[in-house]
Amino acid sequence: MKKWVTDKDSKGYYWPSEEAKSYAWVKDEKIYEEAAKDPIAFWDKKAREGISWFKPWKKTYLWKPPYYKWFIGGKLNVCYNCVDRHVESGKGKKPAIIWIPEPMNEEKKVLTFEELHKEVQKFANVLKELGVKKGDRVTIYLPMIPEAQIAMLACARIGAIHSVVFSAFSPESLRARIDDAKSKVLITSDGYYRRGKIVELKKNADEAVSGKSPIKKVIVVKRAGNQVEMKKKRDFWWHELMAKAKEKCAPAKLDSEQPLFILYTSGTTGKPKGVIHVNGGYIVMAYWTSKYVFDLHDEDIFWCTADIGWVTGHTYNCYGILATGSTLLFYEGTPDFPDKDRWWKIVEENKVTIFYTAPTAIRMCAQWGSEWPAKHDLSSLRLLGTVGEPIDQQAWSWYFENIGGSRCPIVDTWWQTETGATLITTLPGVGPFIPTVAGRTFPGVTADIVDAEKNSVSGDMGGYLVLKSPFPPSLLRGLWKAEKKYIETYWLSYDKEFYSTNDGARRVDNKYIRITGRVDDVMNVSGHRISTAEIENAIASHKNVAECAVVSQPHPIKGEAPFAFVVLKEAQPSEQLKNELFETVRVKIGPIAKPEVIAFADALPKTRSGKIMRRMLRALVTNQPIGDTTTLLNPESIEQLKKVVGYKG
Ligand code: PRX
């Protein structure tokens, strides 16, 4: 069996084996050096090398703080790059998507590039027939079925801007995203399978577009066969439209800077922000990070467990992987259905070579026990990846030993919805793989760790992670209809000079970057990005709530979990009220935002100007020193809260 890493060295680092080095696309420092010398020239070359353009660009990069553009004047089509060109180069019969349904009695479905090409063209024609034009927004609210990628690629083909909404988001969350983007068309399904049960997705969609809505047409994929209501003239079955659709649809020649998609994510306010990604820069980096970070070769079967509704799903369950012409595996269900070895059974049966998941999932699997992966032959695996949150040593070791058989490197990939693609990681042919350390900036990416005064911090001092010009081609181009928010969130901390990632970081060995976590009021719950303000707004909407503050508490599986302090109006605290508040969060946002704990308090600690002292609340739930309470408006509140949370100090 091939070993892709060496044994641990004296520092506890792993390095690529000779075998891995000779196999890898990138095996040494050369590319890092070349890119660092002139990042603009590097991306200019890489954009030509990896992506097919209808028309070359006139200018590679333009920076007018806080805006930047890449490949200006260039014309391309992302769908063409992900599908057509592979068919044209003779790879039509190669599987593009291997889809695994959750029910065990259903057959897997394989879509070759040729088949994907047909489906995408037909669906692009369906959208056109329904009046969708370049620049129009289309909301996609689909489960993990290949129609999701077909719908996304069809939008990309005609220049419509898609906004994919995670299927576990509530009707209210979906409505907010539809209204903000002013989408004309919604694509959903009757239902889908989740742990053997049918989730009635169409019902949620109906609720989200009831009453006044910009949605004019709803396209419904028949997936689970559950009964749904179809509203005349508004709702259409996917398969019926596809049966009538014309077969050919030429890819539109789109401007490099034309938006490809909007993806809503949580910020520090109660309202989700629509992150805008554009065709050119996004696909260039989606392509190169897929190819180099996962070291994709023609024979690989790549599996990313992220939902299509998150950015990881967009880049590594669709665009980046398909752009390289690789095969991706796409699984509908949960890791524990029908049993806790489902993932490993899929790896074995499909000979998956690259497996990419989140630390929270690894911790969950570790808790279930190593007997589950041990039942299966995982020798097809060559490379493992993680994303979404810092990985702790224990989870790293469990993953390395039990899934990778101590043979496979782990690439820890740091990035954000905003960056569109991985920016910090360790390339598999270069190394070293250091548990808990993401690694170095991807070639051509310029990052730094600075203090609040813009000074680079030295040695292993912690600081704020920032990006510097030239900004990565795949970095967001703005927030949908929220320019002020864009400037405030990413640019104001550093006078529009650096992009603020809002993450903390520190260096190891003066070279490798360890991410220490968010420095704003954004939480990372089971790898899902959630704003404390959003949960607070949901709880505060309950009629009995006077005020509320949500802080993050460390959680052994989820990484972080929301802890809510609630002050009631007249009502008395009760279990029933608590359940009502849990339900309110579930309905307003979705199950992922549900607080771990709701604690009723008489009052929240406040400064004299009335600001809630979240720092103290965080200290209370993490048993850290609370600090000087004498400057508070109501220091007595702290004493009561200590009892409420069982503070040990
Ligand atoms: O705090 C960082 C954390 O996830 C945040 C971005 O979340 P989101 O936009 O939902 O995108 C997640 C998937 C790309 C970051 O600001 N994060 C992401 N990857 C890592 C990470 N923290 C530590 N290590 C990572 N590898």
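Over which ring does the charged end of Arg382 sit? The charged end of Arg382 sits over the ring of Trp4, 5.6 Å from its centre.

## Basis

This is a predicted model, in which local features need pLDDT of at least 70, side-chain atom pairs count only at pLDDT 80 or more, and totals for chains, interfaces and linings use all residues. Residues are numbered from 1 along each chain as its sequence is written, and side-chain values use heavy atoms, with hydrogens and water left out.

## Charges over rings

Arg382 over Trp4 is one such case. Lys253 gives another: its charged end sits over the ring of Phe54, 5.1 Å from the centre. The test is NZ of Lys or CZ of Arg within 6 Å of the ring centre and within 35 degrees of the ring normal.

## Aromatic pairs

The structure holds 47 aromatic pairs. Rings of Phe, Tyr and Trp (its six-membered ring) pair if their centres lie within 6.5 Å; planes under 30 degrees apart count as stacked, over 60 as edge-to-face and the rest as tilted. Trp63 and Tyr68 have ring centres 6.4 Å apart and planes at 45°, so this pair is tilted.

Trp63 is partly exposed, at 26% relative accessible area. Tyr68 is buried, at 4%. Buried means under 20% relative accessible area, exposed over 50%, partly exposed in between (1.4 Å probe, protein chains only). Ring pairs link Trp63 and Tyr68 into a cluster with Tyr67, Phe471, Tyr486, Tyr490, Trp491 and Tyr499.

## Packing of α5 and α6

Helix α5 (residues 113-129) packs on helix α6 (residues 147-158) at about 65°, with the axes 8 Å apart. Helices are DSSP runs (H or I, at least four residues), as are strands (E, at least two), numbered from the N terminus. Axes are lines fitted to C-alpha atoms, for helices over the stretch in contact, and angles run from 0 to 180 degrees between N-to-C directions.

On α5 the contact residues include Leu116, Val120, Phe123 and Leu127. On α6 they include Ile150, Leu153, Ala154 and Ile158. Contact means heavy atoms within 4.5 Å.

## Two sites

Ile308 lies in the loop between β16 (301-304) and α11 (311-323). Ile308 is buried, at 0% relative accessibility. Its contacts beyond four places in sequence include Leu142, Met152, Val164 and Phe330. Tyr141 is 167 residues from Ile308 in sequence, yet their C-alpha atoms are 9.7 Å apart.

Glu401 lies in helix α15 (residues 393-403). Glu401 is partly exposed, at 46% relative accessible area. Its C-alpha atom is 9.5 Å from that of Ser370, 31 residues away along the chain.
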